[in-house]
Amino acid sequence: MGSSQEEGLPCQPSQPDHDTGGHGGPDLEGAGRVSTTPGPPGLLTSHPPADSDDTDATGPPAALLEGLLLGDGKPSPHSTRPGPFFYIGGNNGAAIISSYCKSKGWRRIQDSRREDYVLKWCEVKSRDSYGSFREGEQLLYQLPNNKLLTTKIGLLSTLRGRAWAMSKASKAPGGTQARLGKDATAPTLEDLPWTSPGHLRPQRVLRMEEFFPETYRLDLKHEREAFFTLFDETQIWICKPTASNQGKGIFLLRNQEEVAALQAKTRSAEDDPIHHKSPFRGPQRVVQRYIQNPLLLDGRKFDVRSYLLIACTTPYMIFFSHGYARLTLSLYDPHSSDLSGHLTNQFMQKKSPLYVLLKEDTVWSMERLNRYINTTFWKARGLPKDWVFTTLTVGARCPPAR
């Protein structure tokens with residue numbers, strides 16, 4: 001998240017090249033402005049408008065870009081024009097992108113101020129604006145205001161804002177209850193029945209506490225004091241920096257001594273004269289109630305990493321890649337002090353002397369995950385057969401009902 005060492009898009013779902021802290025992508029800024037992407041091949045899902053047949057056959061300027069990316073991408077041998085050009089700022093995914101572009105005959109440029117690029121692959125240190133961006137002709141790998149999703153404090157603030165808005169909409173006059181007929185017994189948004197993604201019937205809206213652990217910001221005094229007051233040793237908490245990766249800076253809080261040390265550290269930071277000149281008040285960290293009984297695969301913690309790119313909204317077009325599952329090497333033990341059993345990051349797993357021998361067992365393809373679910377949970381839990389592909393990934397890439 002904002003680090004040049006974040007995990008790049010994998011060449012194959014089962015072989016990630018680098019690693020992140022499992023908390024979102026790099027500080028990017030976006031391919032969402034155009035109708036395609038030069039990333040790894042994924043599943044293209046397009047929902048053209050009803051009058052798409054009336055579209056001008058000559059197409060918009062994006063046709064040039066689309067031809068470069070989806071065709072052979074190589075300039076004509078008879079062309080006298082130099083390029084196409086691409087620029088890479090930073091190291092995140094640089095090898096993959098450079099290799100792809102050069103295979104198309106593109107030329108890499110080193111001057112970040114040049115505006116004649118087809119692709120600009122940026123990180124924080126090479127941030128760009130859309131002031132000179134030519135929509136349909138260029139790809140700029142950045143999403144404006146991405147910190148609202150790609151930092152832990154930003155994501156927390158965004159989800160809290162969503163929860164507040166949904167709560168207000170479900171209770172205020174003219175909100176959901178009014179649309180349901182002003183029935184005093186009508187369900188709120190959170191009480192609506194579940195439906196499959198894409199269906200036209202009302203969908204049950206998840207409350208924030210149903211999918212996001214109780215979280216406190218340490219940069220806000222009233223929140224960190226609230227946490228220090230409520231902490232007790234019957235629960236484990238996990239402390240994370242807001243913008244890091246590879247599991248760096250993460251630690252567990254299990255007892256009063258550890259919490260007292262954190263409290264003393266935050267107070268020391270507050271007393272620093274430099275702190276008072278900063279717009280932030282306290283360490284840029286969050287503490288979350290640790291999920292002590294997570295879903296396990298073969299007794300090990302895991303996460304699923306899939307890739308979804310909203311390339312265009314008119315018409316609705318997405319690129320989706322199934323991705324892979326990441327597992328820890330060791331069996332899960334909530335009382336263990338070894339973080340490699342708590343964090344699924346490859347960076348953490350590499351610290352184990354067994355990693356070289358068991359590396360392949362820490363990354364499962366979606367096909368392998370599907371076979372495991374079929375064998376272990378299909379009949380026992382009454383799941384649909386091939387649940388990974390018929391339910392999990394379908395829901396992930398299905399456009400919202402309109």
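Colleague: What makes β2, helix α2 and β3 a right-handed β-α-β unit?
Modeller: This is a predicted model. In it, β2, helix α2 (residues 94–103) and β3 make up the unit. The unit is called right-handed because, with the strands pointing away from the viewer, the path from the first strand over the helix to the second runs clockwise.

Colleague: How do you know that β2 and β3 pair?
Modeller: Pairing needs at least two bridges. Three bridges join β2 (residues 85–88) to β3 (residues 107–109), so the two strands count as paired. They run parallel.

Colleague: What joins β2 to β4?
Modeller: Four bridges, again in a parallel run. Ile88 has Trp121 of β4 as its bridge partner.

Colleague: And which residue in β5 is the bridge partner of Lys120?
Modeller: Leu140. β4 and β5 pair in the parallel sense over three bridges.

Colleague: What is the order of the strands in the open sheet?
Modeller: β3-β2-β4-β5, with parallel pairing.

Colleague: Why do β3 and β5 stand at the edges?
Modeller: Each has a single partner strand, so one side of each is left without a neighbour in the sheet.

Colleague: Which way do the residues of β2 point?
Modeller: Phe85 and Tyr87 point one way, Phe86 and Ile88 the other. All are buried. In a regular strand, side chains alternate between the two faces of the sheet.

Colleague: Why is Leu357 called exposed?
Modeller: The cut-off is over 50% relative accessible area. Leu357 has 69%, so Leu357 is exposed. Leu357 lies in helix α11 (residues 355–358). With Leu354 and Leu358, Leu357 forms a nonpolar surface patch of about 310 Å² accessible area together.

Technical notes
Residues are numbered from 1 along each chain as its sequence is written. This is a predicted model: local features need pLDDT of at least 70, side-chain atom pairs count only at pLDDT 80 or more; totals for chains, interfaces and linings use all residues. Side-chain values use heavy atoms; hydrogens and water are left out. Patches are made of residues with over 30% relative accessible area and no salt bridge: like charges are joined within 9 Å, nonpolar side chains (Val, Leu, Ile, Met, Phe, Trp, Tyr) within 5 Å. Accessible areas come from the Shrake-Rupley method with a 1.4 Å probe; for residues, only the protein chains shown count as cover. A salt bridge is a side-chain nitrogen of Lys or Arg within 4 Å of a carboxyl oxygen of Asp or Glu. Buried means under 20% relative accessible area, exposed over 50%, partly exposed in between (1.4 Å probe, protein chains only).
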